[in-house]
Amino acid sequence: PPPSPSERRRIPKTVSWLLIIFILVTVNIWYSSKDLLPIISAITEGDEDNDDSKAVIEAQTSYSTEHETSEPSLQMQTHMPANKPNTLRNHSLPTNNFNNTDTDNITAGAACTFCQGDGRIINPSIRLKNGYTCADIKQRTATEDDEHRCKAFQTLENLCCPTANWTHFWGKDNPECFHLTNICHAPNDGEWFYDRSVQYSPHDISTEHQPTITYNQRSMHAGVASDARIHFNVSSTTVYSGNMTECPYSHTPHHVVSQSAYNHMIGEFYVRQLIGLHQWMRDYPPESDQDIQMYVHTSARNSGLLDGHRLFMGVLPQNDKVNNFLSLVQGKESCECYQTLAFCGYTRTASEATNIQSRNQTFDMAAAITYKGEKSPDWCHDKAKNLDLTCTIYNDFRQDLMARYAREDSLLQHKIREYRRQTLSAAGLPSE
């Protein structure tokens, strides 16, 4: 007799088991692939200061975009009620206290070295986006063997583990600059405060660069009213009243504010501020251009940055996101910390005290940024005001400026020659 309809639709047992195995394997691969997403997100999410991740995380982009709205378990559970059990299944990195983790004994995976060599010192407590820390990153790279993911992690090396013996241009041998370390800014023009939880070693001396200091708003240059919107003060004793886990560090380690007299005029800006700054940064470049975010403190009331300011600032090794000091003062909508906040073109004074940390310091605007005895605006002149024909300061600036922009546009020289030709032709002059 012919088989019944139910018997005709029955799937053989062998095929059934194969389907079940296939489904289980597929689900397991998909579920395991989620493991790195929180860290990739921690590296790249929402940091407008450093948008250099495009080249190193292309492999992650499509997956993250497809799943970013459907996987709430990828977020750190820092807002759970105190006594409510966390029932979400979280297959991301462990969220326990990493202060008890022996990060020094962690070795990198086959294809990924992180915070190793060059005298690097790991700072495990630096906080990233989504609540993860540098300790989390180092632990993950210990077993990471994917080259693309490794490169994404390595973009944070100079933040998580700076080279201990690296000499920055704002260091102690530069009288033109001073710097503050591990400083944070509360949201929406809130208070500035120091992050006391961050230390690179038991013998860390970073507190030497965490004084009580205030910008003198009455500071001004002759004949120019200063911008009253600019204000800055931080106390060495201030304790942040908010949640420090919501104060991640900028992925750009070093933020630098510079200033000079009459710098709202491009000529004065070029001679008084840029030449000296260029000489310092030429002798003491950063580990990476992406490590530096520059701000210009335009000294005149209600003055802003011009295209000329940004054009000339392009000569400096920095991340090409030059902004006005006012933008830093006003802050963001969320709390943010900076590994270094340096000021160049200012003079400091301190009250008399035996303990350096008890001094209340103030800083005022200086006339110019000088360089190792060279006095601006007397570049290329000796003490008798005679022109030094062997001086290369201006030529160095011009060549560095052209070289930097040429790296960004290989046709730059051709475009310049063409523009000159058109200009001469329009004036009725020979173009050759």
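**Strands, burial and salt bridges**

Modeller: Strand β5 and strand β8 (residues 336-344) pair in the parallel sense, joined by five bridges. Two strands pair if DSSP finds at least two bridges between them. Helices (H or I, at least four residues) and strands (E, at least two) are DSSP runs, numbered from the N terminus. The model is a predicted one, in which local features need pLDDT of at least 70 and side-chain atom pairs count only at pLDDT 80 or more, while totals for chains, interfaces and linings use all residues. Residues are numbered from 1 along each chain as its sequence is written, and side-chain values use heavy atoms, with hydrogens and water left out.

Biologist: Which residue of β8 is the bridge partner of H255?

Modeller: L341 is the partner of H255. β5 also runs parallel to β6, with five bridges between them, and there S258 stands opposite V296.

Biologist: What kind of unit do β5, α8 and β6 make?

Modeller: A crossover is right-handed if, with the strands pointing away from the viewer, the path from the first strand over the helix to the second runs clockwise. Here β5, α8 and β6 form a right-handed β-α-β unit.

Biologist: How many residues of β5 are buried?

Modeller: Buried means under 20% relative accessible area, exposed over 50%, and partly exposed in between (1.4 Å probe, protein chains only). In β5 (residues 254-258), five of the five residues are buried, so the strand is largely enclosed by the rest of the structure. H254, V256 and S258 point one way, whereas H255 and V257 point the other way.

Biologist: How many salt bridges are there?

Modeller: A salt bridge is a side-chain nitrogen of Lys or Arg within 4 Å of a carboxyl oxygen of Asp or Glu. This rule gives 13 salt bridges. One of them joins E268 to R272, with 2.6 Å from N to O. Both residues lie in helix α8, four residues apart, about one turn of the helix. E268 is partly exposed at 28% relative accessibility, whereas R272 is buried at 16%.

Biologist: Why does the salt bridge between R282 and D400 tie together parts that are apart in sequence?

Modeller: The closest N and O atoms of R282 and D400 are 2.6 Å apart. R282 lies in helix α8 and D400 in helix α11 (residues 393-408), so the pair ties together parts 118 residues apart in sequence. R282, D396 and D400 are linked in a network of salt bridges.
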